[in-house]
Amino acid sequence: EKRKLSDMEKRLPLANGTILNEHYTIVKLLGSGGFGAVYEAKSSLGSPVAIKETYISDDALQKDIEREALLLAKLEHEDFPRVIGRFVVDNDGDKRHYLVMELIRGKDLQESLQENRKPFAVNQVLEWADSILDALQDLHDNGIIHRDIKPANLKLTPRGRIKVIDLGIAKGAVSDNSSAASSSLAAATPNFSPLEQVLRLDVNHLQMLYVSFFDKANRILEQGTDQTSDIYSVGATLYILLTNVMPSGSPARALSVWSNKPDTLRPANEINPKVPLEISNILQKALAIESKDRFQSANEMREALKNPSQFVVERAEKVKDSDTIIDEDFDKNIEQEKQRQREQAEHARLQREAEEKRRQEIIEQNRLKQLREVEAEKERQRLRDLQKAPEKTVKVPFSPLRQNSEPKQASNPKML
C-alpha cells in the first residue's frame with residue numbers, strides 16, 4: 001500500500017527537472033512560504049514562465065484560488081504579469097493548484113533599496129509612482145484590491161519598467177469574509193498596511209486599541225479593506241523609497257493621534273530635505289489613518305503627484321544624476337529617525353504590556369467578584385432552605401420501665 005505523504009512532505013519544494021502537466025519543466029525555486037511557492041519553469045516550447053504553486057485543503061479556498069486565476073486573466077495592463085493558464089494536480093488527495101504566468105526578470109525595489117543603501121532620486125520615484133498608480137487604477141476598475149503593495153512586490157525589469165506582482169491576497173480573489181481571509185491576510189506586511197487591515201492581522205494591536213478606543217477601532221475593523229487601503233500602501237512604499245526609513249506602523253500612529261499626541265510618522269521632507277514639501281504632504285494624505293482622509297482613488301493620487309510637476313521636476317533634475325545626497329545632515333537625520341522609531345517601538349511595547357497587565361487584572365477582579373457572588377448566593381439559598389423547612393416534633397418511644405417508674409395514685413379513698 002502506498003504511504004501517504006505527511007503535511008511536511010507535501011510542502012517540500014518541487015525538485016528541479018520535475019515535469020508538471022506534461023508541459024512545464026521546473027528550472028528552479030524562486031520563493032516559498034507557508035501558503036505556497038513560485039518557480040521558474042520552461043514550457044515544452046522552451047518559453048520561460050513563472051508557476052505559482054498553492055497548497056490547499058479547504059474547498060472554499062480552492063474556489064478562491066480559481067477566482068484569483070479568472071480575475072488575473074482579465075487584467076490587460078502592461079505592468080501586471082500576463083496569466084497564461086492554470087491547472088490542478090491531484091496526487092492521492094493532495095491537491096495542488098498551479099497558476100502559470102509571465103516570468104518577470106529583474107530585482108524588486110526592496111532588493112534595489114538595500115543595495116543602494118540610500119534613498120532613490122525624487123524624479124525616479126515619481127516616475128515609478130505614476131506607473132504603480134496607473135496599474136492600480138486598472139486593478140481597482142476590475143474590482144480587485146491588491147492589499148500587499150510594498151517594495152518587495154514591485155519588480156524593476158531590465159528595461160526599467162515597474163511590474164506589480166503577487167496578487168495572492170488580493171480582495172476579489174480572496175474576500176475579507178472568506179474562509180481564506182485570515183490565512184491570506186496574514187501574508188501582508190504591517191508597516192505597509194493600513195489600520196483596517198492590520199487590525200485583522202494582529203489581535204494584540206486590536207486589543208491594545210480596544211482598551212481606550214473601542215468605538216474607533218471597532219468601526220475601522222468593520223469597514224474592511226477597499227481601494228483606499230492600496231493608496232495607503234503606495235504612500236508607505238514611496239515614503240521608504242524617498243527616505244530609506246521604514247514608515248511607522250498604523251496602530252502606533254493611531255494610538256498616538258487618538259491620544260491627542262503628535263503623529264509618530266515624521267514627514268518625508270524632514271528626513272530627506274531633497275523631498276519637496278508638496279510631495280511630502282501628498283504622502284501624508286495617502287498615509288492618513290482614516291480611509292476617508294486619503295485619496296479616494298489611484299487616479300486622484302496620480303493627478304496630485306502631477307499637479308506640482310513643474311516645481312518637482314526642476315528640483316528632481318538637479319539631483320537626477322547624483323549618486324549621493326549632499327546634505328551634510330542627511331545621514332544624521334536618518335540615524336536620528338531610526339533611533340526615534342526604536343524608542344517609539346519600545347515605548348509602544350511597554351505600553352502594550354502595561355495595558356495587557358491591566359486587562360488581566362480586570363479579568364481577575366471580575367473572576368473573583370463572580371466567585372464571591374456565587375458563594376453569597378449559595379449562602380442566601382441555604383438560609384432560605386432553612387426558613388422553609390417545617391419544625392420537627394421529637395417523638396419519645398414507649399418504654400415499660402418508664403411506665404412502671406411513674407407513681408401510682410390510689411383509686412380507693414378508704415385506703416388513705
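1. Helices (H or I, at least four residues) and strands (E, at least two) are DSSP runs, numbered from the N terminus. With that in hand, you can find S250 in helix 9, which covers residues 250-258. Across the protein there are 15 helices and nine strands.

2. A word on what you're looking at. This is a predicted model, where local features need pLDDT of at least 70 and side-chain atom pairs count only at pLDDT 80 or more, while totals for chains, interfaces and linings use all residues. Residues are numbered from 1 along each chain as its sequence is written, and side-chain values use heavy atoms, with hydrogens and water left out.

3. Back to S250: is this residue buried or exposed? Buried means under 20% relative accessible area, exposed over 50%, and partly exposed in between (1.4 Å probe, protein chains only). S250 has 1% relative accessibility, so S250 counts as buried. Leaving aside residues up to four places away in sequence, S250 touches S193, P194, L195, V198 and Y232; contact here means heavy atoms within 4.5 Å.

4. Now the protein as a whole. Of its 416 residues, 42% count as buried. Take the contacts between residues at least 6 apart in sequence: 64% of them join residues at least 24 apart. The accessible surface (Shrake-Rupley method, 1.4 Å probe; for residues, only the protein chains shown count as cover) comes to about 24,000 Å², and carbon and sulfur atoms account for 50% of that.

5. Have a look at helix 12, residues 298-306, where A298, M301, R302, A304 and L305 are buried. They sit on the same side of helix 12 because they cover an arc of only 160° around the axis. That arc is taken from the directions from the helix axis to the C-beta atoms.

6. On to charges. Side chains of opposite charge can pair when their charged atoms come close. A salt bridge is a side-chain nitrogen of Lys or Arg within 4 Å of a carboxyl oxygen of Asp or Glu, and by this rule the count is 20. R302 turns up again here, linked with D130, D134 and K306 in a network of salt bridges.

7. E115 and K107 meet at 2.8 Å, N to O; E115 is exposed at 53%, and K107 is partly exposed at 39%. K150 and D148 meet at 3.8 Å, with K150 buried at 15% and D148 buried at 6%. R266 and E270 meet at 3.2 Å; R266 is buried at 17%, whereas E270 is partly exposed at 40%.
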